[in-house]
Amino acid sequence: MPLRPGRPVLHRHFTRDTLVWAPLTRVVSDDEQGTRLWLATGSPLIREVTVDGAGPRDMPFADWIETPKKIIQDVYRGPSCLKFNPRGAAYSVWWLFDPKGGFRAWYVNLEEPSVTWDDGEVAGIDLTDQDLDIWIWPDRRWGWKDADELEERLAYPDAYWVDDPDAVWAQGRAVVPAIEAGAWPFDGTWTDFRPPADWTIPEPVAEGWDRPRERG
């Protein structure tokens with residue numbers, strides 16, 4: 001069954017089966033085209049950190065692998081964004097907005113195709129982020145992001161979750177023609193999106209967030 005608009009949904013990011021990042025979003029739409037989610041600045045966030053509170057980008061990957069970790073409840077401090085997961089696609093597209101609601105940029109997040117689950121009280125969308133991304137500015141200038149992170153982590157195949165970097169790069173390159181042509185979804189669609197005025201920041205999810213990963 002489609003997720004109803006307005007419903008809080010955990011957007012859970014995993015390595016392979018380890019939960020590492022899960023902001024609480026709201027459903028904008030869920031249909032045959034895909035799922036749109038709204039992530040507001042200040043939303044509850046579950047994330048993995050070291051026992052000292054450091055994140056994975058605070059140290060070399062070799063050190064991160066060996067450092068004991070824990071899960072904490074936190075708050076999302078990034079820009080509010082509309083996330084679109086095309087049905088079955090190995091990427092998502094994000095629309096990033098400034099604090100006044102103005103459109104700032106697109107962001108292509110390369111990832112394994114996401115899988116939706118619904119336990120009644122709690123629902124979520126599960127995926128594995130493949131690190132490589134693309135920034136796209138409103139004038140359609142674009143650039144790769146985190147290629148160095150992908151390269152660094154590939155040196156540790158026993159710990160890294162990306163098995164086929166060539167496929168990740170190929171998926172990224174496949175999106176580029178639409179960017180350069182200003183074709184959908186980079187044609188201005190949804191750049192004027194505003195969440196409903198009655199949407200508040202969801203309450204944190206206290207139970208059910210740690211269910212086993214859902215796979216397609």
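## Terms and basis of the model

A residue is called buried when its relative accessible area is under 20% and exposed when that area is over 50%, with partly exposed in between, using a 1.4 Å probe and protein chains only. The model is a predicted one, in which local features need pLDDT of at least 70 and side-chain atom pairs count only at pLDDT 80 or more, whereas totals for chains, interfaces and linings use all residues. Residues are numbered from 1 along each chain as its sequence is written, and side-chain values rest on heavy atoms, with hydrogens and water left out.

## The annotated span

According to the unreviewed UniProt entry, the annotation "domain: DUF402" covers residues 54-183; UniProt positions follow the numbering used here, feature names are shortened, and annotations may be inferred rather than shown by experiment. The span 54-183 is 24% helix and 39% strand, and its end C-alpha atoms lie 40 Å apart. Helices (H or I, at least four residues) and strands (E, at least two) are DSSP runs, numbered from the N terminus.

Helix α2 comprises residues 147-154, and within it E149, L150 and R153 are buried. Seen down the axis of α2, these buried residues fall within an arc of 100 degrees, so they line one face of the helix; the arc is that of the directions from the helix axis to the C-beta atoms. The buried residues of α2 pack against α1 (61-66), β10 (123-136) and α3 (165-181), with contact taken as heavy atoms within 4.5 Å. On the other side of α2, D148 and E151 are exposed.

D146 is placed in the loop between β11 (142-145) and α2, and counts as buried because its relative accessibility is 13%.

## Pockets

A pocket is found on a 1 Å grid over the protein atoms alone, as an open set of points where a 1.4 Å probe fits, with protein on both sides within 12 Å along at least five of seven lines, and its lining residues have an atom within 4 Å of a point. The largest pocket has a volume of about 970 Å³, and of the 36 residues that line this pocket, H13, W21, P56, R57 and D129 are the closest to its centre. Grid points are joined across faces, edges and corners, and a volume is the space filled by probe spheres set on the points. Strand β10 gives the largest share of this lining, 4 residues, and the lining divides into 16 nonpolar, 6 polar and 14 charged residues. Here Ala, Val, Leu, Ile, Met, Phe, Trp, Tyr, Cys and Pro count as nonpolar, Asp, Glu, Lys and Arg as charged, and the others, Gly among them, as polar.

The second largest pocket has a volume of about 150 Å³, and the residues lining this pocket include R4, R7, L24, E121 and V205.

L37 lies in strand β3 (residues 34-39) and, at 0% relative accessibility, counts as buried. The C-alpha atoms of L37 and L82 are separated by 5.7 Å, although the two residues are 45 residues apart along the chain. Leaving aside neighbours within four places in sequence, L37 is in contact with H11, T25, R26, V27, V28, C81, L82, K83 and I125.

## Backbone exceptions

Most residues other than glycine have a negative phi, and most peptide bonds are trans. D131, which is not a glycine, has a positive phi of about 75 degrees; D131 belongs to strand β10 and, at 7% relative accessibility, counts as buried. D146, also not a glycine, has a positive phi of about 65 degrees. A cis peptide bond with omega of about 5 degrees joins W184 and P185, and P185 is found in the segment after α3.
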